[in-house]
Amino acid sequence: MTELNMTAAPWRAGVIQDFARSELFDRTFEEGMTLVEETAAYLDGAGRHDSKLLSRNAALAYASESMRLTTRLMQVASWLLVQRAVKEGDMAAEAACAENYRLGEESEPAAAVEDLPFGLVNLLQRSERLYDRVRHLDKRMYVEATTEEAPRPVQAQFDRLSAAFGAA
């Protein structure tokens, strides 16, 4: 854990725990796990059949995009499982701030999807939207938190009073 995360984690713990206990988390978790199951079923079933009907170039694109799809979904599932561990008390919210639990940027550009089967394209699009939402949550809850100061409204009021009345 970085030094910045160490200082940000204690006050962010409440935010992290609130999210883990929220309806938004429950819906996102359900959506993520359902998409993982749908993807596995497609790739092991209809997708296997669909891929055999493709041209050589389209089959290579299919293989590449199916790997990107599974990698993306495993990253999302891993992130969601960390949040569930926080929710269930199996992991401290501060521990969830560790860099190795962050969702990274996707590095490879997507292949052209015109020749890919509809089932794969649909899963790719849905997984990308889910990934983007989870990435946004991750940044808001963890990454951007490392550069923010913890809100201290009471201290701010004391500072204003001290300035107004010239207290030392």
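**Helix α2 and its partners**

Analyst: The crossing of α2 and α5 is left-handed. This is a predicted model. The α5 helix spans residues 118-143, and its axis lies 11 Å from that of α2. The angle between α2 and α5 is about 150°. Angles over 145 degrees count as roughly antiparallel, so α2 and α5 are roughly antiparallel to each other.

Next, the residues in contact. From α2 come Leu 24, Thr 28, Glu 31, Gly 32, Leu 35, Glu 38, Thr 39, Tyr 42 and Leu 43. They meet α5 residues that include Leu 120, Leu 123, Arg 126, Leu 130, Arg 133 and Leu 137. By class, this contact holds 9 nonpolar, 5 polar and 4 charged residues.

Now the packing with α4. Helix α2 covers residues 23-44 and helix α4 covers residues 56-87. They pack at about 145°, with axes 10 Å apart. The crossing of α2 and α4 is left-handed. On the α2 side, the residues in contact include Phe 25, Phe 29, Met 33 and Val 36. On the α4 side they include Tyr 62, Leu 69, Leu 73, Met 74, Leu 80 and Gln 83. The contact of α2 with α4 divides into 14 nonpolar, 6 polar and 3 charged residues.

Gln 83 counts as buried because its relative accessibility is 0%. Beyond its neighbours within four places in sequence, Gln 83 is in contact with Ile 16, Phe 19, Ala 20, Phe 25, Met 141 and Tyr 142.

Terms used. Residues numbered from 1 in each chain as written. Predicted model: local features only at pLDDT ≥ 70, side-chain atom pairs only at ≥ 80, totals over all residues. Heavy atoms only, no water. Axes fitted to C-alpha atoms, helices over the stretch in contact; angles between N-to-C directions. Helix = DSSP H or I, 4+ residues; strand = E, 2+ residues; numbered from the N terminus. Left-handed = near helix turned anticlockwise from the far one by under 90°. Contact = heavy atoms within 4.5 Å. Nonpolar A, V, L, I, M, F, W, Y, C, P; charged D, E, K, R; others polar. Parallel < 35°, antiparallel > 145°, perpendicular 65-115°, else oblique. Buried < 20%, exposed > 50% of the residue type's maximum accessible area, 1.4 Å probe, protein only.
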